[in-house]
Amino acid sequence: MEYRKLPHGDEQISVIGVGTSSIGMAGEKEIEETMNLALENGVNYFDMASADAAPFPAFGRALAGRRKDVFFQIHFGASYQGGKYGWTTNLDKIKRSVDWQLSALKTDYIDFGFLHCIDEEADLRHVFDRGILDYILELKQQGVVRHVGLSSHTPEIAHMAMDAGILDMLMFSINPAYDYRDESEYAVGSAAERQSLYRRCEAEGVGICVMKAFSGGQLLNAKTSPFGRALTEYQCIQYALDKPGVLTVVPGVRNREDLRRILGFVNAAPEERDYSVLGTFAPQETEGVCVYCNHCQPCPAGLDVGLINKYYDLALAGDALAKSHYANLEKKAGDCIGCGHCDSRCPFHVGQVERMQTIRTYFGE
Ligand code: SF4
Ligand code: SF4
């Protein structure tokens, strides 16, 4: 398992996490076994926005003596009254729900306390002005909440929460269908807006936890994929992990079988993770834009083309650290010998020979 460090903390987070939205139907025994399997395989990140209450007591039991081995993302706004999920911005309900979640999980702290599923400005105002954010911050002061997060599908809302300077983590929907298609049809925000949000997260040290990496399963089937072509789970996971700011992807699993399949990503060959096929069906406007996939490797001069491009884009977006990350690279844009191998291999038709010159001039090396 690979781990990525939370920028505003010491937590090392597994790149594969577990989403619990549809595990409730499996029954308590299978939920416990799934948690055990996850822990045995180095998964330490669990998103607890579930469709029902069942995962909480099951996880509580499975975790006995191992609480320190996991990070929980708990949603302030998910209510489980009556055993089923409900969305709420009512402070009293939220307090009751958080108390219940803590006791069911048999824990007294929350690794990540999330403002839950906020996609409208009015709802964000509501949680800011009517005590919900204050409640999380109060718990943070008491040491009950370790980090504050937000789950949203809307770049504009994510920016507003980041402007308030409260976030350590953002849960955001990232997949090629959302990033590359018309926003009114599939996702909120244009491709450029979405990319610029990811870069801002990286620049400001807000980690991204990815939901909907398979676009709710749409992308896995040619009949439902907006591209008319299916991608695999591993291609979608790698796509999300290559985006700036991303720390972990949390696919929803229904049972151990689902989890085993997802865990196969960890040992999957580079060809199984390679999503460069996207270049053949992504829309015209994404032509010539580097997505950091490294399909163009190997570079005979030893350049990590994807990483050099990522640092350049981040630096342009104002990420102060990107310059020093670039400076630490063994091979830089100036080492490019202009052989054109990457240009001939790039499915997105990026002109790297020219771009490497631009990057060299920009960084001054
Ligand atoms: S130049 Fe093309 S193949 Fe290489 S990392 Fe960028 S998008 Fe991928
Ligand atoms: S053009 Fe430059 S970056 Fe691309 S493969 Fe050749 S040496 Fe490497």
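## Shell around ligand 2

Sorted by class, the residues that line ligand 2 comprise 10 nonpolar, three polar and no charged residues. The shell holds 13 residues in total, and the closest to the ligand are C299, C336, C339, G340 and C342. The model is a predicted one.

## Domain layout

Two domains are assigned in the protein chain: domain 1 covers residues 3-272, and domain 2 covers residues 287-363. Their C-alpha centres are separated by 31 Å.

## Interface between the domains

Contact between the two domains involves seven residues of domain 1 and nine residues of domain 2. About 790 Å² is buried between domain 1 and domain 2, with carbon and sulfur atoms contributing 56% of that area.

One salt bridge is counted between domain 1 and domain 2. A salt bridge joins the side chains of R199 and D313, with an N to O distance of 3.6 Å. On the side of domain 1 that touches domain 2, helix α8 (residues 191-204) supplies the largest share, three residues. By class, that side of domain 1 has three nonpolar, no polar and four charged residues.

Notes
Residues are numbered from 1 along each chain as its sequence is written. Chains are lettered from A and ligands numbered from 1 in the order in which they are written. This is a predicted model: local features need pLDDT of at least 70, side-chain atom pairs count only at pLDDT 80 or more; totals for chains, interfaces and linings use all residues. Side-chain values use heavy atoms; hydrogens and water are left out. Domain bounds come from an automatic or database domain assignment. Contact means heavy atoms within 4.5 Å. Buried area is the accessible area (1.4 Å probe) that two parts lose on being put together, summed over both. A salt bridge is a side-chain nitrogen of Lys or Arg within 4 Å of a carboxyl oxygen of Asp or Glu. Helices (H or I, at least four residues) and strands (E, at least two) are DSSP runs, numbered from the N terminus. Ala, Val, Leu, Ile, Met, Phe, Trp, Tyr, Cys and Pro count as nonpolar, Asp, Glu, Lys and Arg as charged, and the others, Gly among them, as polar. A residue is near a molecule or strand if one of its heavy atoms lies within 4 Å of it.
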